[in-house]
Amino acid sequence: MMNVSWSAPSNIALVKYWGKKEELQIPANPSVSLTLSECKTTMNLTLGSSKEKKLVVLFEGKEKPSFIPKIEKFLSLITDELPFLRDYSLTIDSENTFPHSSGIASSASSMAALALCLVDVEQEILGNKHQDFFSRASYFARIGSGSAARSTFAHAASWGEYQGLGHDQRAHQVELHDQLKDLRNKILIIEKGEKKVSSTVGHSLMTNHPYAQARFKQAVSHWQQSLELLKRGNWDELGPIVEREAMALHAMMMTSSSSYMLMKPQTLSAMERIIAFREKTKVPVYFTLDAGPNIHMLYPTSCSVEVEQFFNDQLLELCQDRKFIDDKVGEGPVKNAV
Ligand code: DP6
């Protein structure tokens, strides 16, 4: 019996990964994200010798057979590289800090947590320490879900290759100026529950999308600028890029061959109110969106008092059941004692 446990954070993309060059999440363009602190998955992995059940998946302590096909597929994809998987039965038990079906994607944090557990076990079995432990975990996490590749590092991570910079197969940590390490992310839960078009389908709609090439070019330019602005700590220039990225992502969905819309009326109201508040007060609060209706507000801690007031006055009423999550830039994954 062997037992390991890791907590891995979710991340919020500033420059979005949207579209794949190939199977197994080779991204069509590079992306960069902030690692979150509060939204995370804690996973316990137990390796045993049970002959009957190769894989048991528990979520919050209860068996979850519906999670098995995705994890089985993932494990089958990586078994040649982690051959010890053939010799053991696996029990995976995980829980998220954010509510299930809050509309917050759990694939990034859960696939990162699973990859970290597996690389840790590999290390124990082989008895050698990986110099590139988090990078190797990022590589396996990416095979589970693209955005998960960016969840094995502290602060900020970039993923994707462009002109010899970065890698398609794994993410790496990028420099984040101390001033931006205190960025806050308030997540407005506009609508909970499953989204009607999965990210996987969304990515595939970028193949043959009429605007794909222009979008990938824009993403590269935003990525290059963002890496520089993150390093210099220039939030005033980075904020507008982050908002434009959210708009571009949703514009791609709305203009794909089977067009769809994930924003809700409350999403649009929140966007308009944030822009108007910023214009009026000059408080540098910007928003981004993932592939869903929820709003991620980003702002420096120094503006918390003004933003809290604004949020309570104008945004809380737009959140479903007045639900929101307060998050911030995080320190990356943590190994738990077992
Ligand atoms: C909009 O990583 O969920 O959040 O690789 O198919 O699992 P798969 O997709 P996923 O896509 C995330 C897309 C995004 C942008 C981003 O996180 O970069």
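Which charged end sits over the ring of Phe-311? The charged end of Lys-186 does, 4.3 Å from the ring's centre. This comes from a predicted model.

**Helix H8**

Phe-311 is one of the buried residues of H8. Where do they point? Seen down the axis of H8, the buried residues fall within an arc of 130 degrees, so they line one face of the helix. That face has several partners. The buried residues of H8 pack against strand E10 (183–188), helix H7, strand E12 (295–300) and strand E13 (324–328).

Now take the length of H8. A straight helix of twelve residues would span 16 Å at 1.5 Å a residue. H8 spans only 14 Å between its end C-alpha atoms.

**Aromatic pairs**

The structure holds ten aromatic pairs. A pair of aromatic rings is described by the distance of the centres and the angle of the planes. Two of the pairs are set out here.

| Pair | Centre to centre | Angle between planes | Kind |
|---|---|---|---|
| Trp-6 and Phe-134 | 6.0 Å | 80 degrees | edge-to-face |
| Phe-277 and Phe-310 | 4.0 Å | 0 degrees | stacked |

Trp-6 lies in strand E1, and Phe-134 lies in helix H3 (residues 133–144). The pair links distant parts of the chain, 128 residues apart. Are these two residues buried or partly exposed? Trp-6 counts as buried, because its relative accessibility is 6%. Phe-134 has 33% relative accessibility, so it counts as partly exposed. Ring pairs also bring in Phe-133: Trp-6, Phe-133 and Phe-134 are linked into a cluster.

Phe-277 lies in helix H7 (residues 265–281) and Phe-310 in helix H8 (residues 304–315), so the pair ties together parts that are 33 residues apart in sequence. Both Phe-277 and Phe-310 are buried.

**Helix H5**

How far apart are the end C-alpha atoms of helix H5? They are 30 Å apart. H5 has 21 residues (212–232), which at 1.5 Å a residue should span 30 Å, so the two values agree.

The buried residues of H5 include Arg-215, Phe-216, His-222 and Trp-223. Ala-212, Ala-219, Val-220, Ser-226, Leu-229 and Leu-230 are buried too. What covers them? The cover includes strand E1 (2–15), strand E4 (31–48), strand E8 (156–159) and helix H6 (235–254).

Just after H5 comes Gly-233, with a positive phi of about 75 degrees.

Technical notes: Residues numbered from 1 in each chain as written. Predicted model: local features only at pLDDT ≥ 70, side-chain atom pairs only at ≥ 80, totals over all residues. Heavy atoms only, no water. Helix = DSSP H or I, 4+ residues; strand = E, 2+ residues; numbered from the N terminus. Expected span 1.5 Å × (residues − 1). Buried < 20%, exposed > 50% of the residue type's maximum accessible area, 1.4 Å probe, protein only. Contact = heavy atoms within 4.5 Å. Phe/Tyr/Trp six-rings, centres within 6.5 Å; stacked < 30°, edge-to-face > 60°. Lys NZ or Arg CZ within 6 Å of the ring centre and 35° of its normal. Arc of directions from axis to C-beta.
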